Amino acid sequence: MKTATLTKAADNGVNVEALLGAREALKQAPPAAQFTWRANCQWFEGAHSRSTINGYFGLGEEQTRETGFDIESDHPALFAATDNAATPLEIVLAALASCLTGGVASIAQHRGVQLNSVHVAVEGDMDMSGVLGIDPDVRNGFSAIRVKFHIDADASATEIAGIVAQSQKRSAVYDIITNPGNVRTTIA
Amino acid sequence: MRRTTAVIIGAGQSGLAMSFELMQRGIDHIVLERGEVANSWRYERWDSLKLLTPNRMNTVPGIPYDGPDPDGFMSVSGLVARFDTCLARTSFPVKTGTTVLSVVRLDRGYRIQTDQGALEAEAVVMATGACNHPKVPTFAQTAPGDIVQTSPLRYKRPSDLPEGKSLVVGASASGLQLARELQLSGRQVTLAVGNHTRMPRRYRGRDILEWMGRIGVTSTLYSDVPDLDRVRRLPSPTLTADETLDINTLQTLGVEVVGRCVGLEGGEAHFAGSLANTCALADLKMDRLLDTIDAFTTQKEFGDSPSIDARPAPTQLPDDPRLRIDLAREGYTSILWATGFAPDFSWLRAPHFDTKGRLMHDGGIVAKGLYVMGLPYLRYRRSTLLYGANDDANVLANHMQLGFKSVCAA
């Protein structure tokens, strides 16, 4: 090859070395890999509530952040609600979108692919006759979810498809949505 | 107590290959076999199965393929006949009808307890293979009692199963072939598709295994593989003797495709909603392999390679694959678990297992004088293929011989 090419390492703001280091450390110490995530929700009125998020358990001990986070939720005016915040359903779609984009960034970084922009549009279809108890054969949740990525990156279409596929393979929220899981509720 | 220098457990391809190598080196040994020579091939394969490797690769110890159809695919009975020829030509020291109950370490060597008495040996080679038990998920126990459950190790032919619909779980080589066989027998089949390694049988005029050999994929030693754990866990490729069989062609036959089977609850089977991505990953990975082959041919300017073939079509899927099936209500009468296999070393009483119960070894060397063969990527990708056993046996026999020499010198 005649032209000398300066290869610049991809920088998507992901510390791949640290992630790989953590992966190796947790492989050696499986109990440290057991994490528990939490959200604590306070009801205001109607459908309006606020979840506060701070501590979690991981690496064998309680972890706290300097500042916590609040996520409010409500229902829209269409349902005679106060519309103070997004519906829980939209928060689920946002969680899926964020989980996948984070995965895309990490995997692209690991594969040496520079991302210029990533935008993802998520839609979930729902037949309201499920949640409203009109038709017992209709499920409450989404009947279909569509995820559409718009990615500008220094990579071929096939490489981008590979990154997107891998981000789904390793996404926690994608797994939660596509597989059944047990939920156990108690009253304190 | 009978003493011998080495004991080989299992008289299949790996065990006989090792026996052959030890005979060449004049190492006194005995091969213990629970049933007959090539027992799994004789009794634990279905009737219509053809080998997944072309005939030229199907060497048995001491006998390369010399038949008229090196590119063809022999039936299992053809392979069994070759084992019988091999037995007629070479006098292997096999003790058939002998089941190993335990292997324990002694100060020097090992004690092997069998149902026919005990032996002591300096070295033990575990050649019982990677497929002793079907890996059936634990939730299988909760299936309705009147549904017949089977696995590729027990299933022989469609008439083994009752009339009615059948759920085939797993879409690697066994699942694809058995889904087709059952569908063609008139049983409506639903195929649950999990992670799989898609591969076309032929590409650019050659068998894919021949290409993999040429591009060096099959000759990478285990110690040079960056993420060996992952590679050893990979599902085996969807290679079958028939080049047209895949998830697309099964659907044209009327097979219904659903996602990975994730549970059974109250007679209802549940499937993952990730089918589209599972198939996208398999298609992308196949295309990367074919890209590597294309790049290799361009680089080497193979005059004899036909121009780029059309690639296998991307996997087509229904818009809304079903997530739940009420098995009894819809008339399902059988479930075939083609979900892979696991080896069984429960008779080895020694601390050589990791936290997940998997045997730990370094390219087939478990401990001093203790060897294992025939596991996925034991030394090479070909280690689980018929022709891979000979090379592994050669290397491990050399290691064993050196070990004996160092003991004598000490």
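This is a predicted model: local features need pLDDT of at least 70, side-chain atom pairs count only at pLDDT 80 or more; totals for chains, interfaces and linings use all residues.
**Stop 1**

Where the two domains meet, domain 1 of chain B gives 21 residues and domain 2 of chain B gives 22 residues to the contact, two residues being in contact if their C-beta atoms, placed from the backbone, lie within 7 Å. On the domain 1 side, nine of these residues are nonpolar, four are polar and eight are charged. In this division Ala, Val, Leu, Ile, Met, Phe, Trp, Tyr, Cys and Pro count as nonpolar, Asp, Glu, Lys and Arg as charged, and the others, Gly among them, as polar.

**Stop 2: the nonpolar core**

Next select Val7(B), Met18(B), Val124(B), Val125(B), Val168(B), Leu191(B) and Met373(B), which touch the most other members of the largest nonpolar core, a set of 114 residues. Such a core consists of buried Ala, Val, Leu, Ile, Met, Phe, Trp, Tyr and Cys residues joined through C-beta atoms within 7 Å. A residue is buried if 20 or more other C-beta atoms lie within 10 Å of its own, exposed if 12 or fewer, and partly exposed in between, with C-beta atoms placed from the backbone. The largest share of this core, nine residues, is supplied by H8(B); helices (H or I, at least four residues) and strands (E, at least two) are DSSP runs, numbered from the N terminus. If you centre the view on Val125(B) and set aside its neighbours within four places in sequence, its contacts are Ala6(B), Ile8(B), Ile9(B), Met18(B), Tyr371(B) and Met373(B).

**Stop 3: where chain B touches chain A**

Now display both chains and look at the contact between them, to which chain B gives 13 residues and chain A gives twelve residues. On the chain B side, strand S14 (261-265) and helix H8 (275-300) each supply at least two residues, and H8(B) gives the most, with five residues. By class, this side of chain B has five nonpolar, six polar and two charged residues.

Stay with S14(B), which pairs in the antiparallel sense with strand S15 (residues 268-271) of chain B over four bridges; two strands pair if DSSP finds at least two bridges between them. Within this pair, Leu264(B) stands opposite Ala269(B). The two strands form a hairpin with two residues between them, and Gly266(B) in the turn has a positive phi of about 55 degrees.

**Stop 4: chain A**

In chain A, select 16-85 for domain 1 and 87-179 for domain 2, whose centres, taken over C-alpha atoms, are separated by 19 Å. Each domain of chain A gives six residues to the contact between them, and on the domain 1 side helix H1 (16-28) and strand S5 (69-73) are the elements that give two or more residues. That side of domain 1 of chain A has four nonpolar, two polar and no charged residues.

S5(A) also belongs to an open sheet of three strands, antiparallel and in the order S1-S2-S5. Strand S1 (40-45) and S5 of chain A stand at the edges with a single partner strand each, so one side of each is left without a neighbour in the sheet. Strand S2 (residues 48-53) of chain A is joined to S5(A) by five bridges, and the bridge partner of Ser49(A) is Ser73(A).

**Stop 5: two residues with positive phi**

Most residues other than glycine have a negative phi. Select Asp83(A), which has a positive phi near 55 degrees and is placed in the loop between S5 and helix H2 (88-110) of chain A. Asp83(A) counts as partly exposed because it has 16 C-beta neighbours inside 10 Å.

Finish at Arg204(B), with a positive phi of about 45 degrees, in the loop between strand S11 (202-203) and strand S12 (206-207) of chain B. Arg204(B) has 17 C-beta neighbours inside 10 Å and therefore counts as partly exposed.

Note on methods: Residues are numbered from 1 along each chain as its sequence is written. Chains are lettered from A and ligands numbered from 1 in the order in which they are written. Domain bounds come from an automatic or database domain assignment.
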